[in-house]
Amino acid sequence: ATLGDLIILWRGDDQGAPPSSDWLRRRPAVQARYSLWLNKFAALWGSTPLPHFDERTAHSQIRDLRNQLQTTRRKADEFVRVLNVLFEFGRTTGLLRRNPAAGIKQLGTARSYADVFWTEEDLDRFHRKARELGQPAVIDFVELIALSTMRFVRTPQMRVVPAEACRPTR
């Protein structure tokens, strides 16, 4: 079995392989975020045999790759987090003897990740849902947050008011 096989066993694929119950327990937003990484892993190491990841050197190789990504701590930590969950699935299903990503410490803290980063797809999905719920005014509010440096945790302190309620001061 290869890493690509493990990814398919966990996430499923568009060829009819069903996702695992472990994958289905995750929220759709998490599945979408993890899928971005899984696609990268498949492109990089999809044909790598799983026994390679059971070697003692795999842990240090993953840590070294994380360190190469550390200019963006969030990205480096997400890289390790997804690998850790994937390899843990492989370990619990008996395809791996050990999880080579286990024990690799995060570079950042949960507090430093309070910011939310929106992709074009995220914003499109949000726009559709806001319109469906009859709340198009919220779209501008979310775009302000997404396009500014405002921390998402500060937004509950803001109020959304209709534009017509705002009058220029003299």
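**Loop, packing and salt bridges**

User: Thr 48 lies in the loop between helix 3 and helix 4. Is Thr 48 buried or exposed?

Analyst: This is a predicted model, so local features need pLDDT of at least 70 and side-chain atom pairs count only at pLDDT 80 or more, while totals for chains, interfaces and linings use all residues. Residues are numbered from 1 along each chain as its sequence is written, and side-chain values use heavy atoms, with hydrogens and water left out. Buried means under 20% relative accessible area, exposed over 50% and partly exposed in between (1.4 Å probe, protein chains only). Thr 48 has a relative accessibility of 18%, so the residue counts as buried.

User: Which residues is Thr 48 in contact with, leaving aside neighbours within four places in sequence?

Analyst: Contact means heavy atoms within 4.5 Å. With those neighbours set aside, the contacts of Thr 48 are Thr 2, Leu 3 and Phe 53.

User: How many helices and strands does the chain have?

Analyst: Helices (H or I, at least four residues) and strands (E, at least two) are DSSP runs, numbered from the N terminus. The order of elements from that end is α-α-α-α-α-α-α-α. The counts are eight helices and zero strands.

User: At what angle do helix 1 and helix 6 pack?

Analyst: Axes are lines fitted to C-alpha atoms, for helices over the stretch in contact, and angles run from 0 to 180 degrees between N-to-C directions. Under 35 degrees counts as roughly parallel, over 145 as roughly antiparallel, 65 to 115 as roughly perpendicular and the rest as oblique. Helix 1 and helix 6 are therefore roughly perpendicular. Their axes are 10 Å apart, and the angle is about 90°.

User: Which residues of helix 6 does helix 1 meet?

Analyst: Helix 1 covers residues 3-11 and helix 6 covers residues 73-92. From helix 1, the residues in the contact are Leu 3, Leu 6, Ile 7, Leu 9 and Trp 10, and from helix 6 they are Val 85, Leu 86, Phe 87, Phe 89 and Gly 90.

User: What distance separates the end C-alpha atoms of helix 3?

Analyst: The expected span of a helix is 1.5 Å times one less than its number of residues. Helix 3 (residues 28-45) has 18 residues and should therefore span 26 Å. The distance in the model agrees with this, at 25 Å.

User: Which helices are included in what covers the buried residues of helix 3?

Analyst: Among the buried residues of helix 3 are Tyr 34, Trp 37, Leu 38 and Phe 41. Their cover includes helix 1, helix 2, helix 4, helix 5 and helix 6.

User: How many residues apart in sequence are the parts that Glu 78 and Arg 33 tie together?

Analyst: A salt bridge is a side-chain nitrogen of Lys or Arg within 4 Å of a carboxyl oxygen of Asp or Glu. Glu 78 and Arg 33 form one at 2.6 Å, N to O. Glu 78 lies in helix 6 and Arg 33 in helix 3, so the parts they join are separated in sequence by 45 residues.

User: Why are Arg 91 and Glu 88 about one helical turn apart?

Analyst: The closest N and O atoms of this salt bridge are 2.4 Å apart. Arg 91 is partly exposed at 35%, and Glu 88 is partly exposed at 28%. The separation is about one turn because, within helix 6, the two residues are apart by three residues.
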